[in-house]
Amino acid sequence: MKKMTAIYARISQEDEKSGVSESIQNQISYLKQYLFQNDMTLYEIYCDDGFSGLNFERPAFQKMIQDIENGMINCVVVKDLSRLGRDYIGIGYFTEQYFPQKNIQFIAVNDNIDTENESIQQEFIPFKALLNDFYAKDISKKIKASFHTKRQNGQFIGAFAPYGYQKDSNNKNHLVIEPDTSNVVQNIFMWYLQGENMTSIAQKLNDCGVPSPAVYKMMHTYYQNTNVKYGLWTQQTIKNILSNETYAGNITQGKTKKINYKNKKLKKISKQYWIVKQNTHKPIIDYTVFQYVQTMLNQKSQKINQKSMHLLGGLLYCGDCGSSMTFRRNKKGDFILLCSRYTRYGQCSRHQFYEHKCNDIIFNTLQTFIKNMPNSKQYHNTIPIDRLFCYKIFIIQMIQKIQFFEQHNTIKMCVYWNFSAP
């Protein structure tokens, strides 16, 4: 059976910076020559350019795995083991379990590894993988130290400039004002100072067709975000801009850090450890104005933080668009229910409904439901188990919420449940 061979090539940004790894093109040329010399048939070339070897969620690698699953490939060739990956656990899985189970011949040319030709080098695969892992960890430490130094020097190290700014063409660690978007930032601060709330500001920008920061970034950079649901301005977006000290000419960095060098998940850092540097670039907003806006935001947040528990929180959804219903106070101080899609994006409809009226409807419905429920076991046996379980969970949740309200004197109510014994 003729070998249908896949060439896999990979290089990460860290590899390029360190200068120890050849380019993608050189890897491919080198491996093509190897296939030619050994009379092997090339099926396809798979390249992951700019992807870390610490995980295997790489587009070209996953496509190669899918082709293996479809029976299109029976041999994989890489320049060396580190090109396959640098995570020793993952390397162990693929070289010792996955490839053997799929009858895949694996060749790492420079490491003299060929799973069809037993050699002493194959015994050292776990050790080589471990050394590659250590190398990745060491590179991660060096990069982290470099970033920390740049932060301390007031240099901007983000992948993308904040909305309203762009990276200096002569110095990527310095921010310069972007004329088009900086005007939007100035308008947001001006409108807020004039008494407009964040929701109305977002609505105004959406009505004018101004692209939101995420959409603008996707339009002008390689940034991609599948979580941008509608691509519109929201109250939270406005709040983020109003509270971002970058617009006053200061840089605040080090707010988050990765859990470890293998995991991209971030955890928040306590504010006392943030790195703040003053006057690092030209401000869009005067510092005195920025400080006054922060005072306004803090005064409003203190009012909002006077928490009010809602009995039906998280249980109600808009009948038109399916979005969750959110709670807001009206001018009289009463809580009303509004469609969250309307409050955030100005879409759908307001659907205003008083919370206390909704509570009354639910209580009355529950009482009627329980009062009219027959006690016969024969009736209960006709109810599907999954629905009966849902009823039980729902009632328990409602009782727990009612008990919570009573304990905290949030509302006064008296509900009499007449459960008659079967």
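1. Pro179 is exposed, with a relative accessible area of 54%, where exposed means over 50%, buried under 20%, and partly exposed in between (1.4 Å probe, protein chains only). This residue lies in helix α8, which covers residues 179–193; helices (H or I, at least four residues) and strands (E, at least two) are DSSP runs, numbered from the N terminus. Pro179 and Gly164, although 15 residues apart in sequence, are 7.5 Å apart in space, C-alpha to C-alpha.

2. On provenance, this is a predicted model, in which local features need pLDDT of at least 70 and side-chain atom pairs count only at pLDDT 80 or more, while totals for chains, interfaces and linings use all residues. Residues are numbered from 1 along each chain as its sequence is written, and side-chain values use heavy atoms, with hydrogens and water left out.

3. A search of the whole structure finds seven salt bridges, a salt bridge being a side-chain nitrogen of Lys or Arg within 4 Å of a carboxyl oxygen of Asp or Glu. One of them joins Lys102 to Glu69, with the closest N and O atoms 3.3 Å apart. This pair links distant parts of the chain, since Lys102 sits in the loop between α5 (88–101) and β4 (105–108) and Glu69 in helix α3 (residues 59–69), 33 residues apart. Lys102 is partly exposed at 35% relative accessible area, and Glu69 likewise counts as partly exposed at 41%.

4. Asp80 forms a salt bridge with Lys79, the closest N and O atoms being 3.5 Å apart, and both Asp80 and Lys79 are buried. The side chains of Asp111 and Lys128 also meet in a salt bridge (3.7 Å, N to O), which links distant parts of the chain: Asp111 is in the loop between β4 and β5 (113–114), and Lys128 is in helix α7, 17 residues apart. Asp111 counts as buried at 15% relative accessibility, whereas Lys128 counts as partly exposed at 24%.

5. An open sheet of three strands has the order β12-β13-β14 with antiparallel pairing, where two strands pair if DSSP finds at least two bridges between them. Its edge strands, each pairing on one side only, are β12 (325–329) and β14 (353–354). Strand β13 (residues 335–339) is joined to β14 by two bridges, and the two run antiparallel; Ile336 stands opposite Tyr354 in β14.
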